Amino acid sequence: MQYSELNITHHQEPLQTEILIAQLGELEFDSFVENPNQLLAYVLTENLNEEDVHLLLKSSPNMDNFSIKKVEEQNWNAVWESSYEPVRFDDFCNIRAPFHEPVLDVKFDLIIEPKMSFGTAHHETTSLMIEWLKTEPVKGKRVLDMGCGTGILAILAKKLGAEFVEAIDNDEWAFENTKENILRNETSEIVVELGDAENLNGKHFDLVIANINRNILIRDIPMYVQTMPQNAVILLSGFYKSDLEAVEKACVSNGLKYVSHLEKNHWVAAKFIKS
């Protein structure tokens with residue numbers, strides 16, 4: 001697949017950059033690399049609308065300049081390997097690339113090669129979801145990882161003893177990447193599908209994990225709820241604290257009860273239960 005790289009130099013505050021990343025996500029950008037005063041954003045070339053990108057960046061504060069170029073698939077490894085560092089969650093789990101040394105003093109040492117896919121645990125939303133999985137009962141449950149990215153959350157759920165795990169993403173790169181990562185982590189029982197919420201008809205899950213973005217979550221919550229029996233749990237992330245009220249309203253109107261949420265750098269991961 002052909003990707004395009006948007007290279008932005010700026011002097012923004014961290015929150016401004018996070019908002020910009022969310023806005024670029026609405027324009028189909030699905031991978032980001034943050035450096036001091038620089039943001040690299042990646043999008044499938046066929047999904048790139050340069051006019052919309054120009055309009056967004058011209059209206060964004062503290063922009064210096066930006067450029068867009070096509071990037072070959074094989075060039076991505078050099079981009080992320082140069083800056084990719086393992087992410088550790090106390091003695092619970094460590095998430096590393098294949099070229100990092102194994103870590104022995106954690107419960108789960110997970111190997112993730114992200115390529116263009118979202119979900120390396122560096123981003124706040126993935127990190128928050130992992131914090132939820134540290135405490136959420138998973139053993140013996142049927143789990144859905146919706147918008148799976150690299151498959152990291154699906155893999156962790158299976159390692160935690162889930163009876164059945166299904167991972168779905170509408171991006172072909174993420175679909176292929178997840179299949180590769182489940183093999184690396186010896187969790188080949190995970191079912192991986194290319195698609196979206198339309199794939200959920202007739203399926204049932206005790207725990208739904210959806211780390212996407214506010215608009216897609218609100219649109220698809222009714223389809224998630226249809227898969228959930230009474231007392232099933234759903235964990236939602238990919239949005240800001242300022243969006244929590246809108247997400248909660250959509251959940252409540254579909255028979256879900258708000259339990260609590262975690263927050264990190266203005267990002268939120270919220271827990272709801274079907275009551």
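Buried means under 20% relative accessible area, exposed means over 50%, and partly exposed lies in between, with a 1.4 Å probe and protein chains only. This is a predicted model, in which local features need pLDDT of at least 70 and side-chain atom pairs count only at pLDDT 80 or more, while totals for chains, interfaces and linings use all residues. Residues are numbered from 1 along each chain as its sequence is written, and side-chain values use heavy atoms, with hydrogens and water left out.

**View 1. Asn185 in its loop.**
Asn185 is buried, with a relative accessible area of 3%. The residue lies in the loop between helix H6 (172–184) and S10. Helices (H or I, at least four residues) and strands (E, at least two) are DSSP runs, numbered from the N terminus. A polar atom of the Asn185 side chain lies 2.7 Å from the backbone oxygen of Ile111. Leaving out residues up to four places away in sequence, Asn185 touches Asp109, Leu110, Ile111, Ile112, Ile155 and Lys159. Contact here means heavy atoms within 4.5 Å.

**View 2. The sheet of 7 strands.**
This open sheet has the order S10-S9-S8-S11-S12-S14-S13, with mixed pairing. Strand S10 (191–194) and strand S13 (256–264) stand at the edges; each has a single partner strand, so one side of each is left without a neighbour in the sheet. From one strand to the next, the twist averages 15°. Two strands pair if DSSP finds at least two bridges between them. Strand S8 (residues 142–146) and strand S9 (residues 164–169) run parallel, with 5 bridges. Met146 stands opposite Ile168 in S9.

S13 and S14 run antiparallel and are joined by 8 bridges. Leu256 stands opposite Lys274 in S14. The hairpin has 2 residues between the strands, and Asn265 takes a positive phi near 50°. Helix H8 (residues 244–252) lies across strand S12 (233–240), S13 and strand S14 (267–274), at about 150° to S12. Axes are lines fitted to C-alpha atoms, for helices over the stretch in contact, and angles run from 0 to 180 degrees between N-to-C directions.

**View 3. Strand S1 and its two partners.**
Of the 8 residues of strand S1 (residues 3–10), 6 are buried, so the strand is largely enclosed by the rest of the structure. S1 pairs with strand S3 (residues 38–44) in the antiparallel sense over 7 bridges. Here Ile8 stands opposite Leu39. S1 also pairs with strand S4 (residues 63–71), again antiparallel, over 8 bridges. Lys70 in S4 is the bridge partner of Ser4.

**View 4. The sheet of 3 strands.**
The order in this open sheet is S5-S6-S7, and the pairing is mixed. Strand S5 (87–89) and strand S7 (108–111) stand at the edges, each with a single partner strand, so one side of each has no neighbour in the sheet. Neighbouring strands are turned by 10° against each other on average, direction ignored. S5 and strand S6 (residues 93–96) pair in the antiparallel sense over 3 bridges. Cys93 in S6 is the bridge partner of Phe89. H5 lies across S6 and S7, running at about 145° to S7.

**View 5. Ser127 and Lys264.**
Ser127 sits in helix H4 (residues 124–135). Ser127 counts as buried, at 4% relative accessibility. A polar contact of 3.3 Å joins its side chain to that of Lys264. A polar contact is a pair of N or O atoms within 3.5 Å; within protein, one must be able to donate a hydrogen and the other to accept it, and residues adjacent in sequence count only if both atoms are side-chain atoms.

Gly147 lies in the loop between S8 and helix H5 (152–159). Gly147 counts as partly exposed, at 23% relative accessibility. Leaving aside neighbours within four places in sequence, Gly147 is in contact with Ile168, Asp169, Asn211 and Ile212. Gly147 and Gln226 are 79 residues apart in sequence and 17 Å apart in space, C-alpha to C-alpha.
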